[in-house]
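The following exercises are to be worked through with the sequence and the coordinates at hand. Each task is followed by a solution in steps.

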Amino acid sequence: MTDFDLLLRGGRVIDGAGNPPVHADVGVVGDRIAAVGRLAGASATRVVDAEGLVVAPGFVDMHTHSDLQILANPSHDAKVCQGVTTEVLGQDGLSYAPTTDATLEQLRGQLRGWNDDPPDFQWDWRSVGEYLDRLDRGVAVNADYLVPHGTIRLQVMGNEDRPATVAELEEMQRLVAAGMEDGAVGISAGLTYVPGMYAPDEELVALCEVAASYGGYYSPHHRDYGRHAIAAYQACLDIGRAAGIPVHLTHAHLGFPINRDRAPELLSLVDDALEEGLDVTLDTYPYLAKSTYLHALLPRWVQEGGTDHALARLRDPESREVMRVEIEDTGHDAYHWVPTDWSTVVVSGVSAESNRRYVGRSIEESAHEEGRRPIDVYCDLLASDELGATCVDHVGNEENVQAIMRHRAHMGGSDGILVGDRPHPRAWGTFPRYLGHYVRELGVLSLEDAVRKFTSLPAQRLGFHDRGLVRPAMAADLVVFDPVTVSERGTYEDPRQQPTGIPYVVVNGVIAVDDGRRTDAQAGRSLRRGGQATYGAPTGVLAARDE
């Protein structure tokens with residue numbers, strides 16, 4: 001009779017709590033870690049030689065856009081092969097649950113640039129609980145879900161730019177409560193995306209109060225990452241204070257030339273909030289470019305009323321000229337009050353074959369080649385692609401990226417989009433890039449601190465205290481990597497490249513990557529918060545969990 005189902009022998013265990021590595025064996029029985037230590041003489045159904053390698057908890061990707069792709073392409077190699085064993089879905093206030101038939105039709109078009117809209121896909125859910133049940137039928141990694149504010153606003157109010165009535169607000173509160181009872185971990189908002197951008201802060205406070213009563217947290221894509229970025233971050237913290245809810249500042253970047261060297265201002269806000277007792281955390285990806293669907297650059301009025309209205313405005317010459325002034329000259333609220341530099345906006349994916357020639361080119365390059373104005377290239381592309389195009393926008397500041405990742409409240413999040421011709425390489429390389437470039441090459445983070453930021457810290461933020469550590473009785477989500485060779489390989493020109501130096505990944509006790517090769521394992525599951533209202537926010541998550 002064997003002692004273990006799986007035995008990882010002889011590795012350097014970095015336990016996720018921030019402690020120094022120790023040489024130890026890790027024994028797994030079922031989906032749990034059964035023993036950690038010198039297990040000489042122990043037997044197992046499968047033994048993995050981890051000599052010279054690091055054994056760590058599986059990584060938690062705190063910001064993803066895999067909501068549909070995790071089901072449509074179940075192998076999910078982009079995430080599994082970089083050591084991700086848990087993803088947080090429902091981000092930026094937009095996802096596919098809860099929904100109605102009419103709302104789902106609108107979402108499928110609006111989110112096509114994030115998740116595609118595959119033919120013959122079975123949309124067999126409407127509630128958050130039904131969506132989580134669908135994940136439980138077989139996915140590659142574990143998944144948590146945030147109730148998406150924009151989705152519920154769309155369901156209740158459509159794409160209308162106005163405050164909610166009392167009855168509409170009460171219905172949105174009901175939908176948030178239902179989602180939390182179904183197991184969501186919190187609420188997200190996308191405040192530069194339609195229709196979330198139409199909501200006043202008072203609406204967000206009222207909905208966050210509901211999520212807080214279930215022990216959830218608030219994950220905002222805030223209103224401005226450009227000219228008014230610091231004020232926008234402050235507004236997110238103010239909403240957290242007013243609602244009594246923990247705040248997680250997702251993809252907490254400071255991009256655009258206007259924000260160079262301003263990370264200390266953001267981090268000072270976070271430190272002050274922590275000092276006063278507000279529970280604040282944040283995540284970033286380790287790249288300088290951002291990425292989203294291409295129509296996110298449109299002013300809010302263009303998108304009001306939904307896709308058909310937006311397409312009509314894109315084709316109207318008078319509307320197009322008003323757009324040009326707002327996009328190129330003055331800036332507007334949907335693009336952070338920064339005039340668009342068309343040389344930084346690179347088309348990364350399209351839906352129509354006739355638009356394939358734009359992929360990999362900036363809007364400025366295409367306009368120069370065609371002898372047309374950038375605004376005309378942009379609007380015609382969006383109209384002919386029916387808003388399906390995506391982009392990568394090169395507006396980051398390296399000094400801000402490094403300063404923010406050093407902060408004690410920081411975690412890792414890829415913000416990865418998996419579809420398109422040339423999606424952002426962060427979807428394939430976020431965690432190996434942190435470990436290879438920023439830990440090994442630059443020394444910005446220690447290896448122990450980086451692992452903690454990817455494991456126990458996010459597990460605590462999510463409220464799952466049986467994950468994120470290599471200790472007995474914890475969930476057997478594990479990654480085995482070589483600290484000398486781990487590195488991302490994807491580029492902006494060729495993003496879909498698996499990383500090097502991650503030979504083994506284990507999800508719930510099942511080997512998902514075996515000697516560098518993806519197995520057919522589908523051992524992931526939905527991770528759900530308890531559905532009982534607690535009327536009290538959880539405690540802070542920043543202390544290392546060593547005992």
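The exercises below concern a predicted model.

**Exercise 1.** Determine whether H410 is buried or exposed, and describe its surroundings.

*Solution.* Step 1: locate the residue. H410 belongs to strand β16, which covers residues 410-412.
Step 1: The relative accessible area of H410 is 0%. Buried means under 20%, so H410 is buried.
Step 2: list its contacts. Leaving aside residues up to four places away in sequence, H410 touches L282, D283, T284, I404, M405, Y434, K453 and L457.
Step 3: look for a polar partner. The side chains of H410 and T284 are joined by a polar contact of 2.7 Å.

**Exercise 2.** Identify which residues of helix α12 are buried, and explain why they line one face of the helix.

*Solution.* Step 1: select the buried residues. Within α12 (residues 307-315), T307, A310, L311 and L314 are buried.
Step 1: view the helix down its axis. The buried residues of α12 fall within an arc of 100 degrees, and therefore they line one face of the helix.
Step 2: find what this set packs against. The partners of the buried residues of α12 are α3 (101-110), α11 (300-303), α13 (317-330) and α15 (374-384).

**Exercise 3.** Classify the geometry of the aromatic pair F121 and W125, and state which residues form an aromatic cluster with Y434.

*Solution.* Step 1: count the pairs. The model contains 18 aromatic pairs.
Step 1: examine the pair in question. The rings of F121 and W125 lie 6.1 Å apart, centre to centre, with 80 degrees between the planes. Planes over 60 degrees apart count as edge-to-face, and the pair F121 and W125 is accordingly edge-to-face.
Step 2: check burial. F121 and W125 are both buried.
Step 3: turn to the cluster. Y434 forms one aromatic cluster with F59, F431, Y438, F454 and F481. Y434 is also one of the residues that H410 touches.

**Exercise 4.** State over which rings the charged ends of R433 and R461 sit.

*Solution.* Step 1: take R433. Its charged end sits over the ring of Y287, at 5.0 Å from the ring centre.
Step 1: take R461. Here the ring is that of Y217, and the charged end of R461 is 5.5 Å from its centre.

**Exercise 5.** Decide whether S213 counts as buried or exposed, and find which backbone oxygen lies 2.6 Å from a polar atom of its side chain.

*Solution.* S213 lies in helix α8, residues 201-213.
Step 1: apply the cut-off. The relative accessibility of S213 is 11%, so S213 counts as buried.
Step 2: name the partner. The backbone oxygen is that of V210.

Note on methods: Residues are numbered from 1 along each chain as its sequence is written. This is a predicted model: local features need pLDDT of at least 70, side-chain atom pairs count only at pLDDT 80 or more; totals for chains, interfaces and linings use all residues. Side-chain values use heavy atoms; hydrogens and water are left out. Helices (H or I, at least four residues) and strands (E, at least two) are DSSP runs, numbered from the N terminus. Buried means under 20% relative accessible area, exposed over 50%, partly exposed in between (1.4 Å probe, protein chains only). A polar contact is a pair of N or O atoms within 3.5 Å; within protein, one must be able to donate a hydrogen and the other to accept it, and residues adjacent in sequence count only if both atoms are side-chain atoms. Contact means heavy atoms within 4.5 Å. The arc is that of the directions from the helix axis to the C-beta atoms. Rings of Phe, Tyr and Trp (its six-membered ring) pair if their centres lie within 6.5 Å; planes under 30 degrees apart count as stacked, over 60 as edge-to-face and the rest as tilted. A charge sits over a ring if NZ of Lys or CZ of Arg is within 6 Å of the ring centre and within 35 degrees of the ring normal.
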